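Me: Please take a close look at one part of this model. I would like the packing inside it first, and then how that part sits in the whole chain.

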Amino acid sequence: MFEIIVNTQLHTPYSDGRRYHADVAKEAARAGLQAVIATDHNVRVFGVEGYYGGVLLLTGEEVHNRRKESGNNHCLIYNCDEEMSPYGPTPQKLIDEVCRRGGMTFFSHPFRREPRGRDDRVAPCWTRWDVRNFTGIEIWNHQTEYKSWRLNFPITAFASLFPSLLISGPYRATLRKWDELTSGGRRIVGIGGSDAHGSSRGIGPYRRKVFPYEYAFRCVNTHMLIDEPLTGDAAKDKTMIYAAMQAGHCFVSYDLSAPGKGFIFNAQSGADQASMGDELPRRGAIHLYAECPSSGHIRLLRNGKPVAEMHGRILRHTTTDTGVYRVEVYRRFRALKRGWIFSNPIYVR
Ligand SMILES: [Zn+2]
């Protein structure tokens, strides 16, 4: 398996972003990414996919019901060669139509902190959990986490200088929902993205570009494990990237706190081996192995409940219990323990 770093959510001036595709790809190259996927709101942009320098730029779409809801029920569409926004008002129809075309659907920022007053409750932003056959959810959205803080002027000014102080990890509500869905027998892929817009924030005359694309691309990324190294052939590489996403062969990493590249999570039982996203049949003992590129607080969860945790680089755990296993890693960064790496599950049946 070969690891590549991808950003799966960003915007251009076709919706509410500031920079066009070629410039976005240049910023991604500077941040050390191998691919980015532009997901403009309710518009699928054709004719721009391809390599720009060393970065593969792909386009998807972020669809919602434009007439009724602005902030809720945003659905990311990947690998679908058609404009899907006409289906925005009917989520199940949207998912079915994307599936029919061989594409994928992920719920964008499914929870967010209520941006009202001091209420720091986390509320669902995706409300249609009755739908079936979606591919996954965005477990961590960098821009949404930052924006959810409603701060007064001096703090806003300070926070825009040090935005990383406001970033602490995926919402517990999102992770709980993910565990609930996967424990119920479904395979649900988790991804994380910057949701980069390149826009500035502030109050009155005070404005600052808080997250230039390049900075955002150094933060929350999806690391994907592909079968062969990227070839430089856009069509071939696009197929490999979307296959890795569909299979859940990926993990989410907050690379600003420390590079997540090199993280491993696999499991073995009898002669069978599995990595993130895979199913593993139990044949006697199950050996789980997680390895981080540097030290952190590693937690192994089974069906959402911690079964092993330790501080260090390598966690090993042997069990006979089937279930859905995933790994979370936290590390100290800017004075606090913050989320770092979140694996996709291994489904031991
Ligand atoms: Zn959105």
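How many residues does the largest nonpolar core have, and which of them have the most contacts inside it?

Reply: This is a predicted model, so read what follows as a description of a prediction. The largest nonpolar core has 90 residues. Those with the most contacts inside it are Val-6, Leu-33, Ala-35, Val-36, Met-224, Ile-241 and Met-245. Strand S19 (residues 286–302) gives the largest share of this core, 7 residues. Domain 1 (2–254) and domain 2 (264–348) both give residues to the core, so it lies between them.

Take Met-245 from that list. Leaving out residues up to four places away in sequence, Met-245 touches Tyr-78, Met-104, Val-189, Ile-191, Met-224 and Cys-250. One of these, Met-224, is also among the core residues with the most contacts.

Ala-35 is touched by Leu-56, which sits in strand S4 (residues 55–59). Why does Leu-56 count as buried? The cut-off is 20 or more other C-beta atoms within 10 Å. Leu-56 has 25, so it is buried. Beyond residues up to four places away in sequence, Leu-56 also touches Gln-34, Tyr-51, Ala-234 and Asp-237.

Now the domains. The centres of domain 1 and domain 2, taken over C-alpha atoms, are separated by 24 Å. In the contact between them, 24 residues of domain 1 meet 17 residues of domain 2. On the domain 1 side, the elements that give two or more residues are strand S10 (136–141), helix H5 (172–183), strand S11 (189–193) and strand S15 (250–254). S15 gives the most, with 5 residues. By class, this side of domain 1 has 12 nonpolar, 9 polar and 3 charged residues.

Last, the whole chain. It has 7 helices and 23 strands. The radius of gyration is 19 Å, close to the 20 Å that the globule rule gives for 349 residues, so the chain is as compact as a globular protein of that length. Along its principal axes, the C-alpha trace spans about 65 × 45 × 40 Å. Of the 349 residues, 47% count as buried. Among contacts between residues at least 6 apart in sequence, 64% join residues at least 24 apart.

Notes
Residues are numbered from 1 along each chain as its sequence is written. This is a predicted model: local features need pLDDT of at least 70, side-chain atom pairs count only at pLDDT 80 or more; totals for chains, interfaces and linings use all residues. Helices (H or I, at least four residues) and strands (E, at least two) are DSSP runs, numbered from the N terminus. A residue is buried if 20 or more other C-beta atoms lie within 10 Å of its own, exposed if 12 or fewer, and partly exposed in between; C-beta atoms are placed from the backbone. Two residues are in contact if their C-beta atoms, placed from the backbone, lie within 7 Å. A nonpolar core is a set of buried Ala, Val, Leu, Ile, Met, Phe, Trp, Tyr and Cys residues joined through C-beta atoms within 7 Å. Domain bounds come from an automatic or database domain assignment. The radius of gyration is taken over C-alpha atoms; the globule rule is 2.2 Å times the number of residues to the power 0.38. Ala, Val, Leu, Ile, Met, Phe, Trp, Tyr, Cys and Pro count as nonpolar, Asp, Glu, Lys and Arg as charged, and the others, Gly among them, as polar.
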